[in-house]
Amino acid sequence: MLKFLIVCDDRGNLCFSHYFIFPSKDICMRKTLEVEITRKILARKENKCSFVEVQGLVIVYRWYLPLVFIVGADKTENELAVYEMIQLFFDGLNAYFDTTSAMFLILDEEHKHHLNFFTTIEPQVVKELCRISLEFLQNGSNPKIYQNVAQKLGSNLETVKHAVEGLMRVLSEACKLNLSEMELQDSLSILDLQEEMKQEIVRWYVDHTVELRSALSSLNMNLLQYSSLEWRFDVQIASRCLRQQVTPMIMLKLDLCKDGKKQPVVLQTDPCNLVHLTETLEEALMEVKSQHTRRIMRNIK
């Protein structure tokens, strides 16, 4: 028996989910299951089988890049039949909607409501609002600018503010995800905007991608960075209380940099803790190389 259908993109963003039968109506439990399933599937290599078991459920998935269609069923279902059913479902979508693609920008209802303000203005005004959105990223919010725009458009101050913040989020998220011109245009198709207005937003995004990236990079946290490492191995072979002993200790001097200034940190540890520390760091490096972590890093850049 089929339990649910999930559609997500190759970045792990949930695009669609529908539950036919699910034992629990707890939304948090469903979200946890969705995260676990998508993480496990996205971490699997291309040459792996398209069937996997998660929490006692048989999971069948099929890639249609950049989308992956995931079906959950109990163990009485035939995996190959479900696999072919996904193909038929995808063919039906293509036949009905002409093409099937991913919405790279996930917009909630409140966000869409704020962006509905653009249906009440002329397409020529969008350029000015895009420029204000960039200034918002660079210098922060400026109520005086919102007040001037609201007076010119004869609108409410809060409405203009929410519209600019919504547009700023669209542009910043598109920049973080490194969306192409076509991908951004597809993502804006869910908004009830004039085609000319969508084209203006996409054109402004393409022309000012460098400025957007520069503004986003300036918002990053300025963390300490590794510069150099010096170490010394010491062994205590005797003391006043105990003449014959072997107590190895390792001294580490770690130089960290921040804003061009070095900050030394001195550490002392024994070999066992150093081995444990090394193994933990190696596991972290391996996790950084995984597909799931690369997707996260790509989204926050």
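**Exposure and ring pairs**

Task: Work out whether Phe51 counts as buried, partly exposed or exposed.

Solution: Start with the cut-offs: buried means under 20% relative accessible area, exposed means over 50%, and partly exposed is in between (1.4 Å probe, protein chains only). Phe51 has a relative accessibility of 26%, so Phe51 is partly exposed. Before going on, note that this is a predicted model, in which local features need pLDDT of at least 70 and side-chain atom pairs count only at pLDDT 80 or more, while totals for chains, interfaces and linings use all residues. Residues are numbered from 1 along each chain as its sequence is written, and side-chain values use heavy atoms, with hydrogens and water left out.

Task: Find which kind of aromatic pair Phe51 and Tyr83 form, and which elements they lie in.

Solution: Rings of Phe, Tyr and Trp (its six-membered ring) pair if their centres lie within 6.5 Å; planes under 30 degrees apart are stacked, over 60 edge-to-face, and the rest tilted. The structure has seven such pairs. For Phe51 and Tyr83, the centres are 6.2 Å apart and the planes are at 85°, an edge-to-face pair. Phe51 belongs to strand E3 (residues 51-54) and Tyr83 to helix H2 (residues 79-97), so the pair ties together parts 32 residues apart in sequence. Tyr83, at 22%, is partly exposed.

Task: Classify the pair of Phe117 and Phe118.

Solution: The ring centres of Phe117 and Phe118 lie 6.2 Å apart with planes at 70°, so this pair is edge-to-face. Phe117 has a relative accessible area of 8% and is buried; Phe118, at 1%, is buried. To finish with the rings, Tyr64, Phe69, Phe89 and Phe90 are linked by ring pairs into a cluster.

**Helix packing**

Task: Describe how helix H8 packs against helix H9, and which residues make the contact.

Solution: Two packed helices are described by the angle between their axes and the distance between the axes. Here the axes are lines fitted to C-alpha atoms, for helices over the stretch in contact, with angles from 0 to 180 degrees between N-to-C directions. H8 and H9 (residues 209-217) meet at about 70°, and their axes are 4 Å apart. H8 is therefore roughly perpendicular to H9 (under 35 degrees is roughly parallel, over 145 roughly antiparallel, 65 to 115 roughly perpendicular, the rest oblique). The contact (heavy atoms within 4.5 Å) involves Trp204, Tyr205, Val206 and Asp207 of H8, with Thr209, Glu211 and Leu212 of H9.

Solution: Glu200 sits in H8, which covers residues 195-207.

Task: Say what stands out about the phi of Gln55, and where Gln55 is found.

Solution: Most residues other than glycine have a negative phi, and most peptide bonds are trans. Gln55 is not a glycine, yet its phi is positive, about 50°. Gln55 is in the loop between E3 and strand E4 (57-64). With a relative accessible area of 54%, Gln55 is exposed.

Note on methods
Helix = DSSP H or I, 4+ residues; strand = E, 2+ residues; numbered from the N terminus.
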